[in-house]
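Please open the structure in a viewer and keep the selection panel at hand.

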Amino acid sequence: MSYDLVVIGSGPGGYVCAIRAAQLGLKTAIVEKRSTFGGTCLNIGCIPSKALLHASEMFEEAGHGLEALGIKVGAPKLDLPTMMKHKQDTVDANVQGVAFLLKKNKVDSFIGTGSIAAAGKVLVTKADGSTETIDTKNIVVATGSDSAPLPGVTIDEKTVVTSTGALELNKVPGKLLVIGAGVIGLELGSVWGRLGAEVTVVEYLDRILPGMDDEVAKQFQRILSKQGFKFHLGSKVTKVELDKAGAKVTVEPSAGGGAQTLEADIVLVAIGRRPYTEGLGLETVGVTLERGRIVIDDHFKSTVPGIYAIGDVVRGPMLAHKAEDEGVAVAEIIAGHAGHVNYGVIPGVVYTQPEIATVGKTEEELKAANVAYTVGKFPFTANGRARAMRSTDGFVKVLADAATDRVLGCHIIGKGAGDLIHEVAVLMEFGGSSEDLARTCHAHPTMSEAVKEAALGVEKRSIHI
Ligand code: FAD
Ligand code: NAI
């Protein structure tokens, strides 16, 4: 067998790359070691977490949100097995969808662990130990990432879990202790908190969601505290001991000092993810790694000709849509076109309630880079639709270049923020200004009007505040 392209890994980076390559006429194959396609994102990441976030949000709404709208339903009862079935059905539909798309685009698939025997040769080792060698002109490594371990803490995926175990719990923990106030900790903490767990978050830094806009993070922490989250910021976990009742967790100030012991039924370790390159044979063929990530140039080329890499296994944010866009770009480059990813405009969304969405630079980044900027801000308390939906928490912040008015970033905390952010992403792709956004007619009454009002606010001419 001989191919133009073999992709190793079928996550959002790999499967999108394979489909785009096939569309462009390349004879393409994909190798996946799981029994289903779709990678972390579809099997144990984005999709199952969003299914549980949605279901738990409905549970919370039924319990606490409906009465004020004049709807009395009584206290909702949790049927966790059915909620988990909803999650699994969602995953199944998505992974089967990818299998269908690969077939439709005539991408050959190999289920087994791929390794690179040499440039141009991929070895597939199947579950029964048999092997097969595939010849190919080009290889794209899209093997993704894995949960980062916490030194000294043993993960058993029962009491001490990663996100994978936290998506599979068969009962609501009385006390959930989350290590890491990042995206996974706050999303999955929200799921189990809404279903009744007492959630405590231990975070090494003195803030939640590092890297996101400071003001957004501060307001979000206040909102989560109202939702029942307890935070130990500037703290680190030094020991987790298991006993019959669950876990005893030793927490110390990050800067050193007296320790305290917290009890938990479940401990979720969510301190980041690390690139996954195990067993690929990269070192043998001479592919250079840096801090675990495959080193690539601006065209996704590794240090060995014919071997490319994309997604979580290379530099940049570990996000599904970033991996997808890289998949498209590298396929286009291999096919002789001009593939490109604009890393300045990659939105990030935290799917909590309210949602958080961000694109472009934060104020902190602009200050650090000495860029003069102007700020327009608009709160959802002044938005009619938000009031009608009793969803007035949050605001929109638009940042524009002080000299040119070009929009440099936008940060939103509020219901539906993950959808609202995209008009700003499109604007930024076109190099648009805050005035362009402010002069665009926005339908009334929508949450999007808050985006327009924030853009008007850049020139201090918001109407509704
Ligand atoms: P992956 O999706 O990790 O896929 C890599 C694939 O390669 C896997 O299927 C793996 O089995 C396979 N593989 C590895 N080694 C080999 C080998 N040697 N041979 C064959 N196959 C191999 N991102 C978002 O943008 N939005 C979200 O809402 C979101 N939610 C998340 C929630 C959770 C709980 C987690 C854990 C992650 C979430 N992410 C989210 C991150 C997102 O899942 C990743 O950024 C994305 O999956 C990366 O895609 P990828 O293609 O690089 O790798
Ligand atoms: P993260 O990088 O978002 O957050 C990890 C947090 O743990 C940070 O706040 C960090 O300061 C803290 N931390 C690190 N070491 C610690 C320690 N020893 N003790 C206490 N705190 C510690 O990583 P997370 O949440 O694990 O997510 C991994 C990746 O998955 C992220 O890069 C994210 O992009 C992706 N993801 C994206 C989602 C989305 O887009 N909605 C959802 C879930 C995951």
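Where does P354 lie? Select this residue in the predicted model: P354 is in the loop that runs between β20 (348-350) and β21 (355-360).

**First stop: backbone geometry**

The peptide bond that joins Q353 and P354 is cis, with omega at about 0 degrees. A further cis peptide bond leads from H444 to P445, where omega is near -5 degrees. To find P445, go to the loop between α13 (434-438) and α14 (449-458). As background to these selections, most peptide bonds are trans, and most residues other than glycine have a negative phi.

Select E157 next, in the loop between β7 (145-147) and β8 (160-161). E157 is not a glycine, yet its phi is positive, near 60 degrees. Its relative accessible area is 33%, so E157 is classed as partly exposed.

Then move to F300, in the loop between β18 (293-294) and β19 (307-309). F300 also has a positive phi without being a glycine, at about 65 degrees. Is F300 buried or exposed? With a relative accessibility of 1%, F300 counts as buried.

**Second stop: ligand 1**

Select ligand 1 and show its surroundings. The shell consists of 39 residues, and the closest of them are E32, T40, K50, G114 and A320. A polar backbone atom of G13 lies 2.9 Å from an oxygen atom of ligand 1. A nitrogen atom of the ligand is 3.2 Å from a backbone N or O atom of K33, and a nitrogen atom of the ligand is 2.8 Å from a backbone N or O atom of G114. On its own ligand 1 exposes 990 Å², of which the protein buries 94%.

Colouring by secondary structure shows where the shell comes from. Two or more residues are given by each of α1 (12-23), β2 (28-32), α2 (39-44), α3 (46-65), β4 (113-118) and α9 (320-334). Which element gives the most to this shell? The answer is α2, with four residues. By class, the shell around ligand 1 contains 15 nonpolar, 18 polar and six charged residues.

Now select ligand 2. Its shell has 22 residues, among which I184, E187, E203, G272 and V349 come nearest. Begin with E187: an N or O atom in its side chain is 2.9 Å from a nitrogen atom of ligand 2. Continue to the backbone of Y204, where a polar atom lies 3.1 Å from a nitrogen atom of the ligand. At V349, a polar backbone atom is 2.7 Å from a nitrogen atom of ligand 2. The protein covers 77% of the 840 Å² of accessible area that this ligand has on its own.

Helix α6 (residues 183-194) gives the most to the shell around ligand 2, namely three residues. The shell comprises 15 nonpolar, three polar and four charged residues.

Select the cysteines and show their sulfur atoms. The structure holds one disulfide. Which residues does it join? The bond runs from C41 to C46, with an S to S distance of 2.4 Å. Its torsion about the S-S bond is about -130 degrees, so the disulfide is left-handed. C41 is buried at 10% relative accessibility, whereas C46, at 27%, counts as partly exposed.

C17 counts as buried, at 0% relative accessibility. C441 is likewise in no disulfide, the nearest cysteine sulfur being that of C410 at 19 Å. At 73% relative accessibility, C441 counts as exposed.

Select I208, in the loop between β10 (198-202) and α7 (214-226). I208 is buried, with a relative accessible area of 1%.

Finish at A386, in helix α11 (residues 384-388). A386 is buried, with a relative accessible area of 0%. G414 is 28 residues from A386 in sequence and 9.0 Å from it in space, C-alpha to C-alpha.

Definitions and conventions
Residues numbered from 1 in each chain as written. Chains lettered and ligands numbered in written order. Predicted model: local features only at pLDDT ≥ 70, side-chain atom pairs only at ≥ 80, totals over all residues. Heavy atoms only, no water. Near = heavy atom within 4 Å. Polar contact = N/O pair within 3.5 Å; in protein donor to acceptor, adjacent residues only side chain to side chain. Areas by Shrake-Rupley, 256 points an atom, 1.4 Å probe, with all protein chains shown as cover. Nonpolar A, V, L, I, M, F, W, Y, C, P; charged D, E, K, R; others polar. Disulfide = S-S within 2.5 Å. Buried < 20%, exposed > 50% of the residue type's maximum accessible area, 1.4 Å probe, protein only.
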